[in-house]
Structure formats: structure tokens, C-alpha cells
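Open the model in your viewer and keep the selection panel at hand. Each stop below gives you something to pick and says what is there.

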Amino acid sequence: MKRRFAMAGTLLALVLGFGTLPAAATPSGTSPASTTALAAPDISVTAVRAHLDELSAIAARNGGNRRSTTQGYRDSVAYVKGKLQAAGYTVTEQPCTSGCTSGAGPNLIAEWPKGDANNVYMFGAHLDGVSAGPGMNDNGSGSAALLENALTLARENPDMRNRVRFAWWTDEEQGLNGSYFYVRTLSSADRARIKAYYNFDMVASLNGGYFINHITSAAAAPMKAYWDSLGLRPEENTEGAGRSDDYSFERYSIPTSGYAMGASARKTSAQASKWGGTSGSAYDPCYHRACDTLTNINTTGLDRAADGIAYTLWQQAVGTGGGGGTCDPAGAVGNGGFESGTSPWTGTTAVIAAHSGRTAHGGTRFAWLGGNGSTSTESLSQTVTVPADCTRASLVFWLQIETSESSSRAYDTFTVRVNGSTLATWSNVHAGGGWIQRSADLSAYAGQTVTVAFTATEDYSLQTGFLLDDVSLQSA
């Protein structure tokens, strides 16, 4: 990340609705992306760290840094380019012919050649570092996470609705120069084709927080949805405003978002309480220093960012929709809003009511499972037919979790099962945030009639209530 310079970022506050959200991580650590409607893959953090290992070795062979004007940077470009070409990408090195530091290496651009070329979603990270050190968090972390996402997309080779373009920028540390050259030299028509740009700069800070650029914008919706599903309660990236390559796109009114974990600003006590770490200390204790090495990497944060990139990419660009327009899942779930008595729900139907002291997500009634504070199991189920033409279908519902538990251990759980197989699990760990839309993938059951069940299980003490409303089947 570049140090702050005197340009105010443009806040893009287009708060629009967003569709299916990811299922939350289960207590066993199953990736939430594995149960999303669009089946975003789990990105291997081991593979991401292998890319970091190579970037570190490149720096070690080249005077200890990867500054844009050095052989260390050019070797970094060669490494990323080689991986992408081996995966089948056509990769372009774009020389920065004006506005960059003299001798700066090129931008690297790779586009996946599928999907609507008039709707482009860009994902970028700066590949250069400062001269003080190897730049593993700043910004080997963003570059490596982005590279493994690009390689995963090539391996998965899914159907694409929209076009995805990846970029690794030069000369960011000297003034956002590479990305600004790229955007300003595009034609107005090409700029208009870019529907959103996502930036990843310092996504593995040791004492970091979970920050999203323009967190309330439409572009940020899938990024926030993913981290919300992990119970992270992300915050606006105020420290990073105007300081990284997303600002180059903002200057041309292109919607932007991105993940970051923080630089030299200090973690507050409230943030330390929420995310762990040390209050009063910098998010990255080695920001722009020689100690920004492989030991300066928060692997958990890196993993969460890499998976969130994949979720966002899949939501924005992957999939052709259901069955050529003949998929119609409306009405597949009966009485999903619980407003018409209890039928066709079976099980612990007494949990369906207009509960005093709580507000339904929609209407006046909802199902309140659990909340007993004693050993109990409560369940609701019904049979659902997934239309054969719905090649992508998801069970979508709204869930509010409230608990008296204070531990980070999952004592009380809420599971979604289909024909007895568990698709997703939440627990007391995911409490808070009010009503949150959740989903589970039913695409594998197209053409089948299945039994869908929601089950709350509590241990012997300290209640956790799982409030359920507005259940539906939707095509992705």
C-alpha cells in the first residue's frame, strides 16, 4: 500500500439489493463457499503461501526487495506470467510509458476468455514493493491470493455470465502510477465495460482487522456477504481510502471495492475485542520495513481473503443461470413466510408463531427454534420439488441468531439438511447482526423431490435462539 497522499476518495454509496449470500462456516471449519448457490471453490491457502515463498525467494535473489524499477520486480512479473500462461491464459505485459517512475516494469493483465465481454469485473493487486524489504504482506499477500484465484478459475473452467480480468500493477508504491496509466489510457467505451474493480492490498496483516473498501456500496455486497458469513463484522477501510490502486478506477467513476487488513494505523480496543490481536498496536507492525517477510503473514486472514475473492468472482461472473429461462422455482417451498398456519411444515411446529418481543423478517410470523437454555432439539421440515430445469438452485432463507453463550466454541447449532445430509451449519458463534440472508446449494437435486429440514440443537445451559423466516427456492 502506498503512503497517504492528498486526494480524497470518491465514496460510491449505491446501496442496492444483493442476491444469495454464502452459508456460514461450520464449526468443523468447512469453507462457507462450498455451500453457496454458485459453488465458489475453496482456495488453497497452502497454494497461496507457495506463491509467497517464491516472491520471497525472488526478493532474496535481487537485493532483498521487489521495487518496481528493479530486477526483483521484473522477476516477480515473470513468475506470475509463467503460472498464468501454463494455466491457459493469454497474458499481456503493458509497459507504463508515461507517469511511472523511470525504469518501472510493466503492468501484467490476464483476461479469462469467456463470458460477456461488455460486462467486465476486474480483480487487481499491486505486485511491486518498497525498497526497504521483500514486501510479503505489502503486497505479496494480495498478489498471491489473486494469482491462486486466477489459477483456480482456469482449473474449474465454469460456465461464465460475465468477463473476468486480472491485473498485477506496477509502481503503486510510487504513486498508484501503473494502475492510473492503465485506466486513463482505456477508451471511454472500454472503461464503461468495467462494471466493478476489486482491489487487494495487504490482506494478511499480523495484527490486522477485516476491512472492506466502500463497504455499503453495491460492488462491495458479495465481499461483505462472505465475511459476514464468517461472523467477522467487517468495517469500512478508512485508512486505505485513496491509497491504493482502486483509487485510479474511482477517478473515472468505476465502482470499486476490495479487502484489506490494515497498515500502520493502530487497532482499537473495540477491534481487538471483536477480532483478537493487540489494541494500540499497528495492524501491520512491519509496514514498509525490512521485517515484512514471510514471518509477517497472518495465514488465517490470508485464507479468508482468498476465499472471499473467489466468492465475489463467482457471484459476479460465473454461471449461466437456470435452464435456459424455463427454471421456475416459485412456490416450491410452501408457506415459507410462516404466515399461513403451520402446514406443510412438520416437526416442532409450535415454534411457528407471532412471537412477542421479536420482529419477523417479513410479515408477522416466523419460526423460533431453540432459545430454551436446556438440552433440546427442535426441527421443521417439508418436502420440496426442485424443478428439473433448475441447473442451479438454492434454498434461500433469513436467519437471526441470538445467544447467551460468550465462548467462541459452538455449543448450540442450527443445521440445514436435505434427505438427511447436512448442507450447512451455524452456531452460537455466528450470533449477532440481526436478520441475515443465508443459502444452501440444491443444484445437485434438480428434478428430485427432497425433504428439507432445519434443526436447532442446544446443550444443557445458556440459550441460543435461531429465528427463521422467508424460506424460498431460488434459481441462481
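Select Arg417 first: Arg417 stands opposite Ala453 in β17. This is a predicted model. Now show the two strands around that spot. β14 and β17 pair in the antiparallel sense, over six bridges.

**Around β17**

Pick Thr385 next; its bridge partner in β17 is Thr449. Is β17 enclosed or open to the outside? Seven of its 10 residues are buried, so β17 is largely enclosed by the rest of the structure.

**Rings**

Show the aromatic side chains. The count comes to 28 aromatic pairs. A pair of rings is described by the distance of the centres and the angle of the planes.

Go to Tyr226 and Tyr311. Their ring centres are 5.8 Å apart, with 40° between the planes, and the pair is tilted. Where do the two residues sit in the chain? Tyr226 is in helix α6 (residues 221-229) and Tyr311 in helix α9 (residues 299-317). The pair links distant parts of the chain, 85 residues apart. Both Tyr226 and Tyr311 are buried.

Next, select Phe414 and Phe454. How are these two rings arranged, stacked or tilted? The centres lie 5.9 Å apart and the planes meet at 25°. The limit for stacking is under 30 degrees, so the pair counts as stacked. Phe414 belongs to strand β14 (residues 413-418) and Phe454 to strand β17 (residues 449-458). The pair therefore ties together parts that are 40 residues apart in sequence. Check accessibility: Phe414 is buried, with a relative accessible area of 0%. Phe454 is buried as well, also at 0%.

One more ring to visit is Tyr180. Arg251 lies over its face, at 4.0 Å from the ring centre.

**The open sheet**

Select β10, β11, β18, β13 and β16. These five strands form an open sheet in the order β10-β11-β18-β13-β16, with antiparallel pairing. Which strands are at the edges? They are β10 (352-353) and β16 (436-441), and each pairs on one side only. Zoom in on β13, residues 393-403. Six bridges join β13 to β16 in the antiparallel sense. Trp398 has Gln437 in β16 as its bridge partner.

**Nonpolar cores**

The largest nonpolar core has 66 residues. Those with the most contacts inside it are Leu84, Tyr89, Phe123, Phe166, Trp168 and Tyr259. Centre on Trp168. What does Trp168 touch, leaving aside its neighbours within four places in sequence? Its contacts include Tyr73, Val80, Leu84, Asn107, Leu108, Ala125, Leu127 and Ser143.

**Confidence**

Last, colour by pLDDT. The chain averages 89, and 90% of the residues score at least 70. Select residues 4-38: pLDDT stays under 50 there. The model has 111 contacts for this stretch beyond four places in sequence. Then select residues 321-326, where the pLDDT is below 50. Beyond near neighbours in sequence, that stretch has nine contacts in the model.

How values were computed
Residues numbered from 1 in each chain as written. Predicted model: local features only at pLDDT ≥ 70, side-chain atom pairs only at ≥ 80, totals over all residues. Heavy atoms only, no water. Core = buried A, V, L, I, M, F, W, Y, C linked by side-chain atoms within 4.5 Å. Buried < 20%, exposed > 50% of the residue type's maximum accessible area, 1.4 Å probe, protein only. Contact = heavy atoms within 4.5 Å. Pairing = 2+ DSSP bridges. Helix = DSSP H or I, 4+ residues; strand = E, 2+ residues; numbered from the N terminus. Phe/Tyr/Trp six-rings, centres within 6.5 Å; stacked < 30°, edge-to-face > 60°. Lys NZ or Arg CZ within 6 Å of the ring centre and 35° of its normal. pLDDT = per-residue confidence, 0-100.
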